[in-house]
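Trainee: I have a model open and would like to learn to read it. Can we go feature by feature?

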Amino acid sequence: MEHDEDRIVELTADDGSVVKFEHLLTLDHKGRSYILLTPVEPETEDEEGSVVIMRIDRDDAGEECYMIEEDEDVCDAVFDRFCEIMDEDSEDDEDEEE
């Protein structure tokens, strides 16, 4: 899978390892912001094309940080909105081709 280098985000895990993701979309849901990412180099076939949903928060220093969203209902709602946006973009692309 080809990735847009301008959309690559490097995140540092708790163990200090750096993992590269492609930024897919940032969206708001119920007053909070979420970033949706996909792994640049999936570790398993199951991760190929997967989407990671992270909540955008602020750390103690006021710096932006990404936290794994653990609430399944929130993840489902954010992912559903992501799919709607992707479908709308796909339809717009099809309309432009006609």
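Trainee: Is Lys-20 buried, exposed or partly exposed?

Mentor: Start with the cut-offs: buried means under 20% relative accessible area, exposed means over 50%, and partly exposed is in between, with a 1.4 Å probe and protein chains only. Lys-20 has a relative accessible area of 41%, so it is partly exposed. Two notes on the source. This is a predicted model, where local features need pLDDT of at least 70 and side-chain atom pairs count only at pLDDT 80 or more, while totals for chains, interfaces and linings use all residues. Residues are numbered from 1 along each chain as its sequence is written, and side-chain values use heavy atoms, with hydrogens and water left out.

Trainee: With which residue does Lys-20 form a salt bridge?

Mentor: The rule is a side-chain nitrogen of Lys or Arg within 4 Å of a carboxyl oxygen of Asp or Glu. Here Lys-20 pairs with Glu-10, and their closest N and O atoms are 3.9 Å apart. This pair links distant parts of the chain: Glu-10 is in strand β1 (residues 8–12) and Lys-20 in strand β2 (residues 18–29), 10 residues apart. Strands (E, at least two residues) and helices (H or I, at least four) are DSSP runs, numbered from the N terminus.

Trainee: How many salt bridges does the structure hold?

Mentor: The structure holds 6. One of them joins Asp-57 to Arg-32, with 2.7 Å between the closest N and O atoms. Asp-57 sits in strand β4 (residues 52–58) and Arg-32 in strand β3 (residues 32–39), 25 residues apart. Asp-57 is buried because its relative accessible area is 16%. Arg-32, at 38%, is partly exposed.

Trainee: What does Arg-55 meet in a salt bridge?

Mentor: Its partner is Glu-69, at 2.9 Å from N to O. Arg-55 lies in strand β4 and Glu-69 in the loop between β5 (64–68) and α1, so the pair ties together parts 14 residues apart in sequence. Both Arg-55 and Glu-69 are buried. Shared partners join Arg-32, Arg-55, Asp-57 and Glu-69 into one network of salt bridges.

Trainee: In which sense do β4 and β5 pair?

Mentor: Two strands pair if DSSP finds at least two bridges between them. β4 and β5 run antiparallel over 5 bridges. Arg-55 stands opposite Met-67 in β5. The two strands, β4 and β5, form a hairpin with 5 residues between them, and Gly-62 in the turn has a positive phi of about 85°.

Trainee: Now the aromatics. How are Phe-79 and Phe-82 arranged?

Mentor: A pair of aromatic rings is described by the distance of the centres and the angle of the planes. Rings of Phe, Tyr and Trp (its six-membered ring) pair if their centres lie within 6.5 Å; planes under 30 degrees apart are stacked, over 60 edge-to-face, the rest tilted. That rule gives 1 aromatic pair. Phe-79 and Phe-82 are tilted, 5.9 Å centre to centre with 40° between the planes. Both lie in helix α1 (residues 72–97), 3 residues apart, about one turn of the helix. Phe-79 is partly exposed because its relative accessibility is 34%. Phe-82 has 8%, so it counts as buried.

Trainee: Where is His-29 placed?

Mentor: His-29 is in strand β2. Its relative accessible area is 18%, so it is buried. Contact means heavy atoms within 4.5 Å. Leaving aside neighbours within four places in sequence, His-29 is in contact with Tyr-34, Val-74, Ala-77 and Val-78.
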